[in-house]
Amino acid sequence: GALLGEVSPRLLYVLETWRQNPDAGREAVQTFVAADGARVIRPHFAPLGATQPASILVFLEDTSLLAEQVQQSKLAALGRLSASIAHEIRNPVGAMSHAAQLLAESPQLGPDDKRLTEIIRTNADRVSTIIDNILQLSRREPARFERMSLQPWLEEFREEFCETMQWPAERLVIPAGGPELEVRIDPSQLRQIVWNLCENALKHALGDDAGQRIEIRCGRITPSGRPYMEVADRGPGIPPEQAERIFEPFFSRGRGGSGLGLFLARELAQTNGATLLYEPRPGGGSIFRLVFADPQRWEIRRSGTYAADR
Ligand SMILES: Nc1ncnc2c1ncn2[C@@H]1O[C@H](COP(=O)(O)OP(=O)(O)OP(=O)(O)O)[C@@H](O)[C@H]1O
Ligand SMILES: [Mg+2]
């Protein structure tokens, strides 16, 4: 036997929390990430016998399967909704935006009225973006896998992101050199995922402090060897009780956000056999970690014996 604290310090911590207050566990369910860096485990504890100190039986529940099923049914519901949304809302909103634009060009309009037309337009555009996102989810394309090296991809990504967002490139830090990391993923879907994460860091975390940076880091999870990429910031982080909710569709605390960014990102990750997780950053801030499909399973997958193909 080995000591629990050596095998999993986090599990030991959750166990100690439970020991101190066995009844509190129901509301604040504590989870932790398994050693493969991708599966979320929920431990349950039961005392064996009444002797003190009692032996404790530990159940470890792998929540990824359940989470996936919940995600799938949400997606199915969204899919059914989206066709009617597209038809019923998209066109009228487009017409509103167009009318506001024409009105803004009218010479009789004073500056105050112009500002009002501007508000109509920005908000109509916001609604259109939400609809586009939902539509994109429901007609999700199957992933087109490519084997690629992360480093050159990241350099290209940084250039494009910083250019579009008018964000200084030296404040989006990517790994310099380091070991070559090869992943198997759909590059355009990877771009969407990382773009959403970086956009969130800009929007929700960095504020106006000129010293703030977004940091992208890569590596391999030990001991499973799965490659990962993470986007880290020094913002306020996510309150623990919201840590799983941020991945739900329409959950947003942001100003004017649709709350679809992280939902979409996690969906896309799943399509690619990858996992997207949130973790509080030691010292403050957020880490969003994308753990790529296990490279050792690529080959098995191709020969058809790996059943988790979606
Ligand atoms: N890096 C971060 N730091 C702090 N909070 C974050 C961060 N990323 C996401 N969040 C929180 O999670 C919520 C959900 O994020 P998500 O990207 O799904 O939606 P959104 O950014 O609000 O809207 P959208 O991405 O659709 O424009 C955000 O509203 C924000 O409260
Ligand atoms: Mg977002």
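## The second largest pocket

On a 1 Å grid laid over the protein atoms alone, a pocket is an open set of points with protein on both sides within 12 Å along at least five of seven lines, a cavity is a set of points where a 1.4 Å probe fits but cannot get out, and lining residues are those with an atom within 4 Å of a point. This is a predicted model, in which local features need pLDDT of at least 70 and side-chain atom pairs count only at pLDDT 80 or more, while totals for chains, interfaces and linings use all residues. Residues are numbered from 1 along each chain as its sequence is written, chains are lettered from A and ligands numbered from 1 in the order in which they are written, and side-chain values use heavy atoms, with hydrogens and water left out.

The second largest pocket is lined by 34 residues, and those nearest its centre are Asn-200, Lys-203, His-204, Gly-257 and Gly-261. Two or more lining residues come from each of helix H4 (111–138), helix H6 (187–206), strand S8 (227–233), helix H7 (261–271) and strand S10 (286–291), where helices (H or I, at least four residues) and strands (E, at least two) are DSSP runs numbered from the N terminus. H6 gives the largest share of this lining, eight residues. The space in the second largest pocket is about 780 Å³, a volume being the space filled by probe spheres set on grid points that are joined across faces, edges and corners.

By class, the lining of the second largest pocket has 14 nonpolar, 14 polar and six charged residues; here Ala, Val, Leu, Ile, Met, Phe, Trp, Tyr, Cys and Pro count as nonpolar, Asp, Glu, Lys and Arg as charged, and the others, Gly among them, as polar. Because domain 2 (66–138) and domain 3 (146–303) both give residues to the lining, the second largest pocket lies between them, with the domain bounds coming from an automatic or database domain assignment.

## The chain as a whole

The protein chain holds eight helices and 10 strands. Of its 310 residues, 38% count as buried, a term that means under 20% relative accessible area, with exposed meaning over 50% and partly exposed in between (1.4 Å probe, protein chains only). The accessible surface of the protein chain comes to about 18,000 Å², of which 54% belongs to carbon and sulfur atoms; such areas come from the Shrake-Rupley method with a 1.4 Å probe, and for residues only the protein chains shown count as cover.

Among contacts (heavy atoms within 4.5 Å) between residues at least 6 apart in sequence, 63% join residues at least 24 apart.

Gln-189 is found in helix H6 and is buried, with a relative accessible area of 5%. Leaving aside neighbours within four places in sequence, Gln-189 is in contact with Glu-141, Pro-142, Ala-143, Leu-268, Thr-271 and Asn-272.

Helix H7 is mostly covered, with 10 of its 11 residues buried, and among these are Leu-268 and Thr-271, together with the charged side chains' residues Arg-266 and Glu-267. Just after H7, Gly-273 takes a positive phi of about 70°.

## Loops and positive phi values

Two residues other than glycine also take a positive phi. Phi of Gln-166 is near 55°, and Gln-166 sits in the loop between helix H5 (150–165) and strand S5 (172–173), where a relative accessibility of 67% makes it exposed. Phe-250, with a positive phi of about 70°, is placed in the loop between S8 and H7 and counts as partly exposed at 46% relative accessibility.

Gly-225 is found in the loop between strand S7 (214–220) and S8.

Leu-57 lies in strand S3 (residues 55–62) and is partly exposed, with a relative accessible area of 37%. Apart from residues up to four places away in sequence, Leu-57 touches His-44, Phe-45, Ala-46 and Leu-48; the C-alpha atoms of Leu-57 and Ala-46, 11 residues apart along the chain, are separated by 5.2 Å.

Leu-65 lies in helix H3 (residues 64–104) and counts as exposed at 59% relative accessibility. Leu-65 and Arg-39 are 26 residues apart in sequence and 9.2 Å apart in space, C-alpha to C-alpha.
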